[in-house]
Amino acid sequence: MIAAAGVLAAGGTSLALAGTGSAAVTHGEGAVTAVAPKASGPGLADPHKKEIAMELVSSAENSSLDWKAQYKYIEDIGDGRGYTAGIIGFCSGTGDMLELVQHYTDLKPGNGLAKYLPALEDVNGSDSHDGLGSAFVSAWKTAAKDTVFQTAQNDERDSVYFNPSVNQAKSDGLGTLGQFIYYDAIVMHGPGDDPVSFGGIRKTAMKKAKTPAQGGNETTYLNAFLDARKAAMKTEDAHDDTSRVDTEQRVFLQAGNLNLDPPLKWKTYGDSYQILTLP
C-alpha cells in the first residue's frame, strides 16, 4: 500500500496547509512543497454515488441502467470463462460464481442452486458446462427471485470487487471518479496481480505516472491507468471494444468531473445513456 500523504522526507518537517486537509514538507530555507492528500469524503461509499456506479457498470455489462434486473441474467458470452451471470458477471470458470453459490447456501441451506456446487467446483478454471447446462440456467433464474440470493449477490459484489477496489483507490488518493474507474476495472479483469488483472493494470499505470498519494496529478494518473486498462482489454477478443473506457470513463475525466457528479452522458458499445440527477 502507498504511504499516506504527509510522510516526511528526510530532514523535513510536516505542517498543515490551512483549509485543505493536506500536508506540506519544508526543505532547507523554508521552501514548501505541497503533498497531495488522500481522497477525502465518502466517494463511492455515498449510496447515491454507489447507485451511479452500479448503473454505469450495468450499461456496459448489460446494456441497461437497471442493474437490479440483472440478478437473473446468465449466459455464456464466449470469453472462455463459462457462464457469466448476475449483477456483476460472476463466472463459472473463475471461481467467483462458486463462491457466490456457496455463500447463498450458507445463508439458505437446501436452496435450488446448492446441488450444483460439485459441478461448479469441477468446471472452475475452464469454460465447461459439464454438470450445469440448461437445468442450471433455469435454476439460476428461479433463484434470482429469492431476496436471499439477491443479498448473496450484493454481498459477494461488495466483498470481492467493490470494497477492495474503492479502498485501494482511496489509498491511492483518488476521488469518486477514480474509485469508479478502479471498480469497473476489477469487475472486468478480476482482482489478481497478473498483467491483465486489476493489480497488474495498476502496476503498469504506476510506472507511467505517480498516484495522487505519491504527489502526482490525479488526472494524469487516471489517464495512465485507462491507457493500461485499454491495453489489457485488447488482449482478449471478447473485450476488445474499449468504448467503456473511450466514450464513458475518459469522457468524464476529460470534463474534469472527478467527483462523478450528474448530469452524466456517455456511450457504451454505441448505445447512449444519461443520468441527469442523483438517484
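Modeller: An open sheet of three strands is found here, in the order β4-β5-β6 and with antiparallel pairing. The model is a predicted one.

Biologist: Which strands are the edge strands of this sheet?

Modeller: Strands of a sheet pair through backbone hydrogen bonds, either parallel or antiparallel. In this sheet, β4 and β6 (90-91) are the edge strands, since each pairs on one side only. Strands β5 and β6 run antiparallel and are joined by two bridges. Thr 84 stands opposite Cys 91 in β6.

Biologist: Does Asp 79 count as buried or exposed, and why?

Modeller: A residue is called buried when its relative accessible area is under 20%. Asp 79 has 14% relative accessibility and therefore counts as buried. Its side chain reaches the backbone nitrogen of Arg 81 at 3.0 Å. Apart from neighbours within four places in sequence, the residues in contact with Asp 79 are Thr 84, Glu 236, Ala 238 and His 239.

Biologist: How is Ser 165 to be read, and in which helix is its place?

Modeller: Ser 165 is part of helix α5 (residues 147-171). Because its relative accessibility is 0%, Ser 165 counts as buried. A polar atom of the Ser 165 side chain lies 2.7 Å from the backbone oxygen of Tyr 161, and the side chain also reaches the backbone oxygen of Phe 162 at 3.0 Å. With neighbours within four places in sequence left aside, Ser 165 is in contact with Tyr 182, Tyr 183 and Ile 186.

Biologist: At roughly what angle do the axes of helices α8 and α9 cross?

Modeller: Two packed helices are described by the angle between their axes and the distance between the axes. The axes of α8 (residues 218-233) and α9 (residues 243-254) cross at roughly 175° and come within 11 Å. The two helices, α8 and α9, are therefore roughly antiparallel to each other. Among the residues that make the contact are Leu 222, Leu 226 and Met 233 of α8, and Val 245, Arg 250 and Leu 253 of α9. By class, this contact of α8 with α9 has five nonpolar, three polar and six charged residues.

Biologist: How many helices and strands does the chain have?

Modeller: The chain has nine helices and eight strands. Of its 279 residues, 51% are buried.

Terms used: Residues are numbered from 1 along each chain as its sequence is written. This is a predicted model: local features need pLDDT of at least 70, side-chain atom pairs count only at pLDDT 80 or more; totals for chains, interfaces and linings use all residues. Side-chain values use heavy atoms; hydrogens and water are left out. Axes are lines fitted to C-alpha atoms, for helices over the stretch in contact, and angles run from 0 to 180 degrees between N-to-C directions. Helices (H or I, at least four residues) and strands (E, at least two) are DSSP runs, numbered from the N terminus. Angles under 35 degrees count as roughly parallel, over 145 as roughly antiparallel, 65 to 115 as roughly perpendicular and the rest as oblique. Contact means heavy atoms within 4.5 Å. Ala, Val, Leu, Ile, Met, Phe, Trp, Tyr, Cys and Pro count as nonpolar, Asp, Glu, Lys and Arg as charged, and the others, Gly among them, as polar. Buried means under 20% relative accessible area, exposed over 50%, partly exposed in between (1.4 Å probe, protein chains only). A polar contact is a pair of N or O atoms within 3.5 Å; within protein, one must be able to donate a hydrogen and the other to accept it, and residues adjacent in sequence count only if both atoms are side-chain atoms. Two strands pair if DSSP finds at least two bridges between them.
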